[in-house]
Amino acid sequence: MGFFFTALSSLGGLIAVLVEILCLSAGLYIACDLAEENVIQTRRFLTRALAAVVCGYVILALDDDVPTSNCLIGAACHLALLPLLRDYPILEIMSLPTLIAMPATLINHIIWFRHFLSVDVYFKQTKPSTLCMAGFFLLFVWLVPLGFFVGMTPSDECLPGTVAPNIGEKRRKKGFVKGVIDGVLGRSDENTGYSPGIGKQY
């Protein structure tokens, strides 16, 4: 193929990737807003989603084509997220539940990634489509951890005097993901008038 064709195609691919990143960031920002404004509903959703995923793993364990050990590990990794619901949406970075939940999520991702790498063995030479694998990871690996991630607020980001965060207190500061996106975009914090890297706004 010609040089100009390759160059323009590469440029178009780069632009497409940037647009996808922008859309993902916008989606996460909206999800953070919804989680912050509807703490009770978000917590209820996470509880039901966690239970549904664990039940899904039990059903998958009955399938001969899916390793039972992977299903048991996946269910255990999701149950490791359960203690995070107690103080939701407050996140203690160095607390025992957080230190257990983070490696559990990573382990769950690794075992299923390795499973699909050796998929010819488990699926008897029938390779699942990319859409099928993406759907599995979305529902059984990423859904619940991502739900916690977008809704959690670091404990040092909570305003003094904020009590009972589980009942929808709206005086707390923004969540972790929203704070990161605002920091990248240079947007100021409405509560403090502070913009990371810019200084106070008078």
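Mentor: Let's start with packing: the buried residues of H3 pack against helix H2 (39-61), helix H4 (96-117) and helix H6 (130-151). Helices are DSSP runs of H or I, at least four residues, numbered from the N terminus; contact means heavy atoms within 4.5 Å. This is a predicted model, where local features need pLDDT of at least 70 and side-chain atom pairs count only at pLDDT 80 or more, while totals for chains, interfaces and linings use all residues. Residues are numbered from 1 along each chain as its sequence is written, and side-chain values use heavy atoms, with hydrogens and water left out.

Trainee: Which residues of H3 are buried?

Mentor: Buried means under 20% relative accessible area (1.4 Å probe, protein chains only). In H3 these are Asn 70, Cys 71, Gly 74, Ala 75, Cys 77 and His 78. Down the axis of H3, they fall within an arc of 160°, so they line one face of the helix; the arc is taken from the directions from the helix axis to the C-beta atoms.

Trainee: Is Thr 98 buried or exposed?

Mentor: Thr 98, in helix H4, has 5% relative accessibility and therefore counts as buried.

Trainee: Which residues of the largest nonpolar core touch the most other members?

Mentor: A nonpolar core is a set of buried Ala, Val, Leu, Ile, Met, Phe, Trp, Tyr and Cys residues joined through side-chain atoms within 4.5 Å. Here the largest has 29 residues, and Tyr 57, Trp 112, Phe 136 and Phe 148 touch the most other members. H2 gives the largest share of this core, nine residues.

How values were computed:
Buried means under 20% relative accessible area, exposed over 50%, partly exposed in between (1.4 Å probe, protein chains only). Helices (H or I, at least four residues) and strands (E, at least two) are DSSP runs, numbered from the N terminus.
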